[in-house]
Amino acid sequence: MNLSPEPLVFELSRPGLVGCSLPGSDVPAAQMPKALVRSSLDLPELDELTVVRHFTRLSQKNYSIDTHFYPLGSCTMKYNPKANEAAASHPGWKNIHPLAGNSETQGALELLYKLQEYLAEIGGFAAVSLQPAAGAHGELAGVLMIRDCLKTRGQGHRTTMLIPDSAHGTNPASCTMAGFSTQTIPSGKDGNIDLKALEAALNDSVAGIMITNPNTLGLFERNITKIAAMVHQAGGLVYGDGANMNALTGVFQPGKSGIDVMHFNLHKTFSTPHGGGGPGAGMVAAVKELAAFLPGPIAWRRAGKYELAMPEKSIGRLKAFYGNFGVLVRAYCYVSMLGAEGLRRIAENSVLNANYLRAKLEKTYKLKYTRPCMHEFVAMGDVAPGIRTLDIAKRLIDYGFHPPTIYFPLIVPEALMIEPTETESKQTLDSFVEAMLAIAAEAKSNPELLHDAPGTTPVGRLDEVAAARSPVLCFRG
Amino acid sequence: MSVDAKARYAQSHEYARLEGDLVIVGISDHAQDELGDIVFIELKEVGKKLERGQVFGTIESVKAASDLYMPLSGSIEAVNDDLQADPALVNREPYGNGWLIKVKPNNAKDMEALLEAKAYASMVGEE
């Protein structure tokens, strides 16, 4: 990696340098109104080659899954096969006009229809909409569907959504946007939902519960069918947050465990790189009773032809046109290439890899919940006096690894959330273990090394507190 | 980690200390230590009536943003304006100048439902 600090384009600027030469004007000059004319403009002046080198050097500082191991818990930073990139960038897909009619786009509609069918089968649901553009967008779709379904049942007075304390922060945000209030349900000692606390919270104002399974501790919610039955009995509905679907593909169908509506992240789980700022896709799936409320349009097959239409009681449109189509093409290719057997191996190997790391590290990095994990686990980074998880994370950068997610979930102090994914080799996992154990030894023998880390990057330890308390948001001034 | 022996505590780590007919509410030393450097605090306005368990504000550290819950029902009589300029007061003096709000309780007896200092100290010791 290129480690020297890179100046800003403003610092590279020299008066008089230009990167383009404009041809002479072939139309009569027009006078600008005087009030609109400026004598100086604070833009950098650079030649083309300087600009090319500047941005190339910046690009060489990128850290990505294509260069390094990236065990960022909850984010599933796995390798996405390049074949799916090639498929998504095929001119036949990417040049379709979004307003082209059904008769010109039968191939694209067939892809949407078949992907809906595949995902419905993977999840154990009746129907799927590919509209939402991200995970939290899928959550919003799901809770809006729950709201409308309850109204149809004559239960519109139910406005409280229950959310376990191990949930993603987006869950309460999605509920609030949909007009629900939220109530937190604590976890028990085993890291699963506390059933007594759930029972005490169930009443006539409860609209439902949002469950992430496996939860953000990387633990399978063992009482899922019981929890769903309790909530149904009390008149509520069950939302499944599918952010952790990577642990379940081909093994467990959430729709068969009592979950009524659920999103999957097609980015991260189904072969679109995650963490690059988008685009994503958070398809939403539903059991039979809620299928009519899905956002639309969705793809249908009628008399051998494919068409787009709105579900009967749809919550409406959530996105222009048909979702993020390129992400959907990648997901279709990924599922087609893997088949049922391959999808099952994703889940099996992601769980195996996580447990391999957990077993190798748990003597040094203690666990709050000591059960076998699913695709990720949460350890604690306070391995020596005066050492916090932040120090471990920063020191890992010096060893060439992206730090895991830290300080989440909130119910584990000094949390270090590690998700290796199924795509990493045993060699990579072993070298990560070696680095983690070496850092734990340094924490005792040379703690300053950790407090000062990272020492090998263009900038060292940033003062996060000063940046948050008195942010300087302008360049030099 | 210190505990204010005169205060009572909620499971969610807020303390409540009766002074005259008002209750001083803040977060415990344990809570500020777990949160780490506090960078922003948002509190509901004076006059707001809230039930026990309802959110009276949000506290944000470099690690996380957390809701603040009313340890007992009542109305907010004062908020600590000094925290806007210096949120680190909560880190330095959680039981002193780092207080958050003053509450006029609906019923001062509600204090009895909260944990005593000793019970709270043993609860966080077990965590």
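Predicted model: local features only at pLDDT ≥ 70, side-chain atom pairs only at ≥ 80, totals over all residues.
The domain assignment divides chain A into three parts: domain 1 covers 1-19 + 42-60, domain 2 covers 82-338, and domain 3 covers 345-467. Between domain 2 and domain 3 of chain A, the C-alpha centres are 31 Å apart. The two domains touch through 18 residues of domain 2 of chain A and 15 residues of domain 3 of chain A. On the side belonging to domain 2 of chain A, the residues that touch domain 3 of chain A comprise 7 nonpolar, 9 polar and 2 charged.

In soluble globular proteins, nonpolar side chains tend to be buried together.

Setting aside neighbours within four places in sequence, A:Leu328 is in contact with A:Leu112, A:Leu115, A:Leu130, A:Leu266, A:Ala281 and A:Gly323.

Chain A also contains an open sheet of 3 strands, in the order 10-12-11 and with antiparallel pairing. Its edges are strand 10 (377-380) and strand 11 (405-406) of chain A, each of which pairs on one side only. Strand 10 of chain A is joined to strand 12 of chain A, residues 415-418, by 4 bridges in the antiparallel sense. A:Val378 stands opposite A:Met417, a residue of strand 12 of chain A.

Chain B has 4 helices and 10 strands, which follow one another along the sequence as β-β-β-α-β-β-β-β-β-α-α-β-β-α. Its radius of gyration is 13 Å, close to the 14 Å that the globule rule gives for 127 residues, so chain B is as compact as a globular protein of that length. Along the principal axes, the C-alpha atoms of chain B fill a box of roughly 35 × 35 × 20 Å. Of the 127 residues in chain B, 37% are buried. Among contacts in chain B between residues at least 6 apart in sequence, 61% join residues at least 24 apart.

The two chains meet where 6 residues of chain B are in contact with 7 residues of chain A. The side of chain B that touches chain A consists of 3 nonpolar and 3 charged residues, with no polar ones.

Key:
Residues numbered from 1 in each chain as written. Chains lettered and ligands numbered in written order. Pairing = 2+ DSSP bridges. Helix = DSSP H or I, 4+ residues; strand = E, 2+ residues; numbered from the N terminus. Nonpolar A, V, L, I, M, F, W, Y, C, P; charged D, E, K, R; others polar. Domains from an automatic or database assignment. Rg over C-alpha atoms; globule rule 2.2 N^0.38 Å. Buried ≥ 20, exposed ≤ 12 C-beta atoms within 10 Å, placed from the backbone.
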